[in-house]
Amino acid sequence: MNVLRPGLALDAMLDAIHRATRAPEAERPGAVADAMVPFLRDPTLLEGRDCPSCPNGYKRHLLHEGADYAVVALVWRPMQMSPVHAHRAWCALGVHRGILTEHFFEPGSATPRPVDAVLRREGDTSHGVADPRLIHRLANCSAEVSVSIHAYGLPFARFAEGLNHILA
Ligand SMILES: [Fe+2]
């Protein structure tokens, strides 16, 4: 009998992400996002991992720490959202469960103006290089909890001070 071991899909995704982080710098965010795709819709992806939501805001859960990157699961209750921000490190994300809305903002003004919004559904990805002009916000505008997988090009311990340039 073939018994699936909990964590198998996550291990395979993390291996694929690790290989993608070795891509040339300019191609890295897209390569990492592409590496997530085969695993994002697997319902067993986070089996055995305790990833609760939080009533006070979206919640990060560390899945893996590499030498120069980290992979986290973000859990979003309805109407929870990130700040408006740009990244100081490359980033790639994919939606595992639910729907997120990614808003993009025009750079250059004190109060960033929204210019576009894209629905990210299960299996969808997005990515970006470290660029202060690439301003976005993720939000769960749905009525269900959403879960997304994010990889960032810096160690988890530096997330608090080094990851996001928050604009609003
Ligand atoms: Fe972001």
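**Strand β7**

I started with the side chains of β7 (residues 125–128), and they alternate. My cut-offs: buried is under 20% relative accessible area, exposed is over 50%, and partly exposed is in between, with a 1.4 Å probe and protein chains only. Strands here are DSSP runs of E with at least two residues, helices are runs of H or I with at least four, and both are numbered from the N terminus.

A note on the source: this is a predicted model, where local features need pLDDT of at least 70 and side-chain atom pairs count only at pLDDT 80 or more, while totals for chains, interfaces and linings use all residues. Residues are numbered from 1 along each chain as its sequence is written, and side-chain values use heavy atoms, with hydrogens and water left out.

**The sheet that holds β7**

Next I looked up what β7 pairs with. Strand β4 (residues 91–97) runs antiparallel to β7, and four bridges join the two; for pairing, DSSP has to find at least two bridges between two strands. One pair I checked is A92, whose bridge partner in β7 is H127.

I then traced the whole sheet: it is open, with five strands in the order β1-β2-β9-β4-β7 and antiparallel pairing. Its edge strands are β1 (59–65) and β7, each pairing on one side only. From one strand to the next the twist averages 20°; angles run from 0 to 180 degrees between N-to-C directions, with axes as lines fitted to C-alpha atoms, for helices over the stretch in contact.

At the β1 end, six bridges join β1 to the antiparallel strand β2 (residues 70–76). R60 has L74 as its bridge partner in β2.

Two helices sit on these strands. Helix α2 (residues 28–40) packs on the sheet and touches β4, β7 and β9, its direction making about 15° with that of β4. Helix α1 (residues 8–20) lies across β1, β2 and β9 (146–152), at about 70° to β1. Contact here means heavy atoms within 4.5 Å.

**The other sheet**

I found another open sheet of five strands, ordered β6-β5-β8-β3-β10 and paired antiparallel. Its edges are β6 (113–120) and β10 (164–166); each has a single partner strand, so one side of each is left without a neighbour in the sheet. The twist averages 35° from one strand to the next.

Inside this sheet I followed β5 (residues 100–106) and β8 (residues 131–139), which pair in the antiparallel sense over five bridges. H103 has R137 as its bridge partner in β8.

**R120**

Is R120 buried or exposed? It is in strand β6, and at 14% relative accessibility R120 counts as buried. Its side chain makes a polar contact of 2.8 Å with that of E102. I count N or O pairs within 3.5 Å; within protein, one atom must be able to donate a hydrogen and the other to accept it, and residues adjacent in sequence count only if both atoms are side-chain atoms. Leaving out residues up to four places away in sequence, R120 touches V95, G98, I99, L100, E102, F104, T125 and S126.

H85 is buried at 4% relative accessible area, and H136 is buried at 6%.

M79 is not a glycine, yet has a positive phi of about 70°. Most residues other than glycine have a negative phi. M79 is in the loop between β2 and β3, and is exposed at 53% relative accessibility.

**Whole chain**

Last, the totals: I count three helices and 10 strands, following α-α-β-β-β-β-β-β-β-β-β-α-β along the sequence. Buried residues are 47% of the 168. Of the contacts with a separation of 6 or more, 74% are between residues 24 or more positions apart. The C-alpha trace spans about 60 × 40 × 25 Å along its principal axes.
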